[in-house]
Amino acid sequence: TKNHDNEAPYIDAILKEWHFYLQDLPRDFQISGIHLGGGTPTFFSPENLKKLISGIFSQAHVEAGEWYSFEGHPGNTTEEHLRTLYDLGFRRVSYGIQDFDPVVQQAIHRIQPVEEVKIATELARKVGYTSVNYDLIYGLPFQTTSGLNNTLEKVANLNPDRIAFYSYAHVPWVSKSQRAYGEKDLPNPQVKWKLYQQGCAFFNTNGYEDVGMDHFVRPTDALFKARESGELHRNFMGYTHKREKLLLGLGVSAISDVGGAYWQNVKSVEGYHEQLNTERFPVFKGHLTTESDQVRRKHILNIACQFETHWSPEENKYLEAKGILSRLKNLENDGLLKLKSNSLELTPLGKDLLRLCCAAFDAFLPERAEGVFSKAI
């Protein structure tokens with residue numbers, strides 16, 4: 001929406017959802033981190049963002065630290081936005097860059113000049129933010145190796161602390177905006193693979209470490225230190241420095257994780273308001289994890305965070321029965337991993353194709369319809 005009259009009612013609704021959770025949370029719980037995600041939270045006025053975060057903090061114990069982050073749009077993130085959230089404890093900001101090529105920007109309807117991003121980055125550092133992340137995407141319509149190289153050079157000059165290098169997922173049946181272009185406008189798989197390798201080589205040359213799926217950071221970054229110490233974790237928001245027992249998602253389409261269950265909120269603003277107005281949690285689907293789910297999740301997270309995993313002799317029987325060992329052997333034959341009796345370790349190629357190695361543990365993936373999920377490359 002472009003209608004700012006929707007701001008206050010939506011924030012009131014989020015705080016109402018939070019109040020529902022407060023009835024069930026233990027009195028001594030602590031908030032150890034917040035990710036204010038998008039769309040773009042800086043669509044809201046600084047005053048309304050303060051109302052939201054202060055409303056959440058007013059009835060909670062807050063753990064000190066630098067684990068509050070938000071997504072900002074370079075075109076509408078003002079110094080007032082940055083100072084307001086900084087004063088509330090936020091120290092990390094992420095800007096969605098995608099690509100600086102004007103042809104690509106026009107196709108994806110994301111027009112933002114380099115100068116705009118530079119100003120937003122410098123403002124964040126001026127205010128005191130300790131980490132600035134850029135989201136980049138490879139495989140976008142009309143993207144070329146020369147165009148990406150130009151983008152990477154500009155990114156290097158701006159020197160972000162973290163870079164997320166995501167694979168473009170062409171899912172026009174989900175995203176209406178992607179219907180403006182077709183498969184013929186996208187880089188073919190061979191070119192897309194070159195784009196990925198080009199980005200990885202550039203990041204490594206410029207002092208960034210690969211911490212896992214899509215993420216590159218400076219060696220001094222908390223994510224790199226967490227991976228080195230074995231504490232790195234991945235949740236719905238991406239990589240984080242430690243695993244928490246409870247991840248609560250507030251707002252439209254947000255996903256929550258309590259270890260033994262997942263649930264997701266309704267995906268429309270109208271449905272979200274409707275359920276809250278009738279004093280119901282705005283949830284529309286959930287899943288209670290089985291023992292089998294938890295075994296598979298453990299290994300998927302180990303691979304995604306540590307590039308290796310180990311299993312017991314008892315689990316070996318389960319993995320064989322589910323066809324997982326067979327898939328792992330195929331990946332070994334393709335040079336993606338080294339398989340031992342009760343463990344595996346990814347090769348450099350396997351780290352590049354990490355999604356495929358993780359997917360081997362998804363016992364349900366072969367049963368699902370083609371085209372439901374985005375591709376690894």
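Reader: With which side chain does the side chain of Glu-17 make a polar contact?

Author: A polar contact is a pair of N or O atoms within 3.5 Å; within protein, one must be able to donate a hydrogen and the other to accept it, and residues adjacent in sequence count only if both atoms are side-chain atoms. Here the partner of Glu-17 is the side chain of Asn-265, at 2.9 Å. A polar atom of the Glu-17 side chain also lies 2.9 Å from the backbone nitrogen of Gly-251. This is a predicted model, in which local features need pLDDT of at least 70 and side-chain atom pairs pLDDT 80 or more, while totals for chains, interfaces and linings use all residues. Residues are numbered from 1 along each chain as its sequence is written, and side-chain values use heavy atoms, without hydrogens and water.

Reader: Which residues of helix α9 are buried?

Author: Helices are DSSP runs of H or I, at least four residues, and strands runs of E, at least two, numbered from the N terminus. An α-helix has 3.6 residues a turn, so residues three or four places apart point the same way. In α9 (residues 269-277), Gly-271, Tyr-272, Gln-275 and Leu-276 are buried. They lie on the same side of α9 because their arc, taken from the directions from the helix axis to the C-beta atoms, is only 130°. Glu-270, Glu-274 and Asn-277, on the other side, are exposed.

Methods. Buried means under 20% relative accessible area, exposed over 50%, partly exposed in between (1.4 Å probe, protein chains only).
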